[in-house]
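Reader: I am new to reading protein models, and I would like to go through this one slowly. Could we take a few questions one at a time?

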Amino acid sequence: MNFFFKNVPKIRFIMNERYLTITLCPDWKSRLQLAAQLSEHSIYQGEELNFESPAQFFGQLTEKRWELVRLAQGKKPITMRALARLVGRDVRRVHEDVMVLLHLGLLERIDKAGVICPFTNVHIDIHLKAA
């Protein structure tokens with residue numbers, strides 16, 4: 001799995017709006033080069049998460065995981081137990097999904113207070129074309 005973020009500011013509870021673009025591009029090296037070029041600008045360019053294939057994208061970002069992201073987006077830190085209660089799921093399964101989302105960078109841990117989704121806007125940019 002290849003994913004990267006460009007221009008990632010330090011994690012703080014109070015910060016300016018952050019936004020994420022999720023892309024699907026098998027040529028991850030070109031995306032990384034583009035991110036390196038854009039990182040030279042002094043203006044925040046947003047962050048990007050790239051997947052190499054549709055299978056990788058849909059394997060990592062399931063419907064239940066998207067629900068967790070949506071619930072944590074734009075809110076104060078929320079604990080895993082509180083997330084589990086909100087979605088009506090087992091804490092252990094929610095914890096597993098949160099760990100995947102933390103690894104991908106869609107959620108961030110805020111000390112012991114819980115997790116947040118730091119992005120006010122998440123855009124998915126996927127182009128599929130016939131072979």
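Reader: Is F58 buried or exposed?

Author: In this predicted model, the relative accessible area of F58 comes to 54%. Since exposed means over 50%, and F58 has 54%, the residue F58 counts as exposed.

Reader: Is F57 buried or exposed?

Author: The cut-off to keep in mind here is that buried means under 20% relative accessible area. Because F57 has a relative accessibility of 4%, F57 counts as buried.

Reader: What kind of pair do the rings of F57 and F58 form?

Author: A pair of aromatic rings is described by the distance of the centres and the angle of the planes. For F57 and F58 the centres lie 4.8 Å apart and the planes stand at 80°. Planes over 60 degrees apart count as edge-to-face, so the pair of F57 and F58 is edge-to-face.

Reader: Which residues form the aromatic cluster?

Author: Two aromatic pairs are found when the whole structure is searched. One of them joins F51 and F57 edge-to-face, with 5.5 Å from centre to centre and 80° between the planes, and F57 also pairs with F58. The one cluster is therefore made up of F51, F57 and F58.

Reader: Which strands are the edge strands of the open sheet?

Author: The open sheet has three strands with parallel pairing, in the order β2-β1-β5. Strand β1, residues 18-24, is joined to β5 by six bridges, and R18 has F119 of β5 as its bridge partner. The strands that pair on one side only, and are the edge strands, are β2 (47-51) and β5 (119-125).

Note on methods
Residues numbered from 1 in each chain as written. Predicted model: local features only at pLDDT ≥ 70, side-chain atom pairs only at ≥ 80, totals over all residues. Heavy atoms only, no water. Phe/Tyr/Trp six-rings, centres within 6.5 Å; stacked < 30°, edge-to-face > 60°. Buried < 20%, exposed > 50% of the residue type's maximum accessible area, 1.4 Å probe, protein only. Pairing = 2+ DSSP bridges. Helix = DSSP H or I, 4+ residues; strand = E, 2+ residues; numbered from the N terminus.
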